[in-house]
Amino acid sequence: MKKAALAALALGFLFIALLCAQNPYGGDEKASRAGAKLYKQECASCHGQNRQGLEKAPPLNVAGVVKASPGALFRILTNGSLKRGMPSFAHLPEARRWQLITYLQSDSLAR
Ligand code: HEC
């Protein structure tokens with residue numbers, strides 16, 4: 001019983017840590033440019049060249065993404081939303097996923 005409670009607590013902390021994860025590249029221009037390049041290769045076919053969204057996928061140039069917690073975006077990129085057509089990008093190295101997030105949340109997009 002005690003063990004289970006401890007395990008649940010540990011899981012809870014892990015979850016919160018993931019949610020609150022800071023982007024190690026937050027605001028870094030070089031990372032943002034690298035992310036932009038990667039976006040064109042990996043994401044634009046579904047989300048549009050300018051993140052405006054296409055029939056296949058919703059726009060990403062919206063406050064819900066630009067101001068989302070980096071950890072939440074990291075989870076979406078890692079797990080995808082497979083049933084709804086968003087693939088997992090867990091095959092990209094973590095640093096690449098953070099670069100993408102830096103790009104998605106760069107100041108120039110914030111409105
Ligand atoms: C095969 C098409 C496809 C590709 C490629 C794709 N996505 Fe998606 N994406 C989707 C779909 C469809 C959704 C909506 C999923 C849902 O509603 O749960 C989505 C949702 C998202 C969301 C959540 C948006 C929100 O408003 O909650 C983010 C962030 C995202 N994608 C980022 C990316 C990034 C970054 C890439 C490139 C690394 C990418 N996607 C590549 C189809 C795609």
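Contact here means C-beta atoms, placed from the backbone, within 7 Å. A residue is buried if 20 or more other C-beta atoms lie within 10 Å of its own, exposed if 12 or fewer, and partly exposed in between.

This is a predicted model: local features need pLDDT of at least 70, side-chain atom pairs count only at pLDDT 80 or more, and totals for chains, interfaces and linings use all residues. Residues are numbered from 1 along each chain as its sequence is written.

The chain has six helices and zero strands. Helices are DSSP runs (H or I, at least four residues), strands are E runs of at least two, and both are numbered from the N terminus. The C-alpha atoms fill a box of roughly 50 × 30 × 25 Å along the principal axes. Of the 111 residues, 20% count as buried.

Helix α6 (residues 94-104) is largely enclosed by the rest of the structure, because eight of its 11 residues are buried. Among them are Trp98, Leu100, Ile101 and Tyr103.

Helix α2 packs against α6. The table gives the geometry.

| Pair | Angle | Axis separation |
|---|---|---|
| α2 and α6 | about 100 degrees | 7 Å |

Axes are lines fitted to C-alpha atoms, for helices over the stretch in contact, and angles run from 0 to 180 degrees between N-to-C directions. The two helices, α2 and α6, are therefore roughly perpendicular; that term covers 65 to 115 degrees. On the α2 side, the contact uses Ala31, Ser32, Ala34, Gly35, Ala36, Leu38 and Tyr39; on the α6 side, Arg96, Gln99, Leu100, Thr102 and Tyr103. These residues divide into seven nonpolar, four polar and one charged. Ala, Val, Leu, Ile, Met, Phe, Trp, Tyr, Cys and Pro count as nonpolar, Asp, Glu, Lys and Arg as charged, and the others, Gly among them, as polar.

Next, the ligand. It is surrounded by 21 residues, and the closest are Cys43, Cys46, Ser81, Gly85 and Met86. A residue belongs here if its C-beta atom, placed from the backbone, lies within 6 Å of the molecule. Two or more shell residues come from each of α3 (44-47), α4 (63-66) and α5 (70-79). The shell holds 13 nonpolar, five polar and three charged residues.

Gly53 sits in the loop between α3 and α4. It counts as partly exposed, because it has 15 C-beta neighbours inside 10 Å. Leaving out residues up to four places away in sequence, Gly53 touches His47, Gly48, Pro58 and Pro59.

Key
Contact = placed C-beta atoms within 7 Å. Parallel < 35°, antiparallel > 145°, perpendicular 65-115°, else oblique.
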